[in-house]
Every structure is written in structure tokens, then in C-alpha cells.
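Hi,

Here is the structure I promised to pass on. Please have a look at it first, and then read my notes below.

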Amino acid sequence: MEKENVKTSAAQKSAQKKYDEKTKMLSIKYTPVDMADYEKMRVYLEENGLSANQFIKGLIHDFFDPQTKDAPQPETVVNVRHAESPVPEWFD
């Protein structure tokens with residue numbers, strides 16, 4: 001099936017730009033030192049049918065769960081790997 005050449009209208013571009021202004025994006029870069037962690041995550045995601053986005057958002061949500069009164073506040077978290085926090089054992 002061939003992909004059609006679809007042009008984006010000015011209205012669509014404007015709407016996308018307006019939407020993008022309301023969103024935030026983060027990215028993660030794995031260096032050669034981190035590849036073992038990347039591979040563990042990739043396999044886990046594949047086996048569980050998750051996207052990296054779903055998985056990372058879930059971790060962040062669980063970490064900062066507003067129902068947990070002792071959840072660390074963003075300004076107090078310096079290095080998650082060394083903070084006393086509910087970080088999975090495989091994270092290190």
C-alpha cells in the first residue's frame with residue numbers, strides 16, 4: 001500500500017502549533033555505559049506490550065503519587081539513584 005502525499009493545511013499547522021505549546025517533552029539518551037539498562041527496559045517493554053512512554057510515565061506517576069504524603073518534591077530530588085525512594089532494584 002502506497003503512502004499518499006498528504007498536504008497539511010494552514011489550519012492544521014496552526015492547531016498543531018497551539019497544541020504543542022501546551023505540551024512538554026523529555027528525552028532519554030543511553031550511552032554505551034547504560035546499554036545494559038536500555039536492553040533490560042527494551043525486553044521488558046516488548047514482553048509486556050508497553051511503549052517506553054507508558055512505562056516512564058507510569059514510573060514517574062508512581063514515584064510522585066500524590067496520595068503518598070511522604071513523596072519527595074521535585075526540588076528536593078537531586079539524584080534518584082541515591083535518594084531513599086521506591087526505585088526498582090534493577091534501576092541501579
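The side chains of Glu 39 and Arg 42 meet in a salt bridge, with 2.9 Å from N to O. Please keep in mind that this is a predicted model. Both residues belong to helix 2, which covers residues 35-48, and they sit three residues apart, or about one turn of the helix.

Arg 42 has another partner: Glu 46 also forms a salt bridge with Arg 42, and here the closest N and O atoms are 3.5 Å apart. Arg 42 and Glu 46 are separated by about one helical turn, because they are four residues apart in helix 2. A search of the whole structure finds two salt bridges.

Leu 26, Ile 60 and Phe 64 make a nonpolar surface patch of about 310 Å². Where does Phe 64 lie? Phe 64 is in the segment that follows helix 3 (52-63). With a relative accessibility of 31%, Phe 64 counts as partly exposed, and patches take in residues with over 30%.

Best wishes

Note on methods:
Residues are numbered from 1 along each chain as its sequence is written. This is a predicted model: local features need pLDDT of at least 70, side-chain atom pairs count only at pLDDT 80 or more; totals for chains, interfaces and linings use all residues. Side-chain values use heavy atoms; hydrogens and water are left out. Patches are made of residues with over 30% relative accessible area and no salt bridge: like charges are joined within 9 Å, nonpolar side chains (Val, Leu, Ile, Met, Phe, Trp, Tyr) within 5 Å. Accessible areas come from the Shrake-Rupley method with a 1.4 Å probe; for residues, only the protein chains shown count as cover. A salt bridge is a side-chain nitrogen of Lys or Arg within 4 Å of a carboxyl oxygen of Asp or Glu. Helices (H or I, at least four residues) and strands (E, at least two) are DSSP runs, numbered from the N terminus. Buried means under 20% relative accessible area, exposed over 50%, partly exposed in between (1.4 Å probe, protein chains only).
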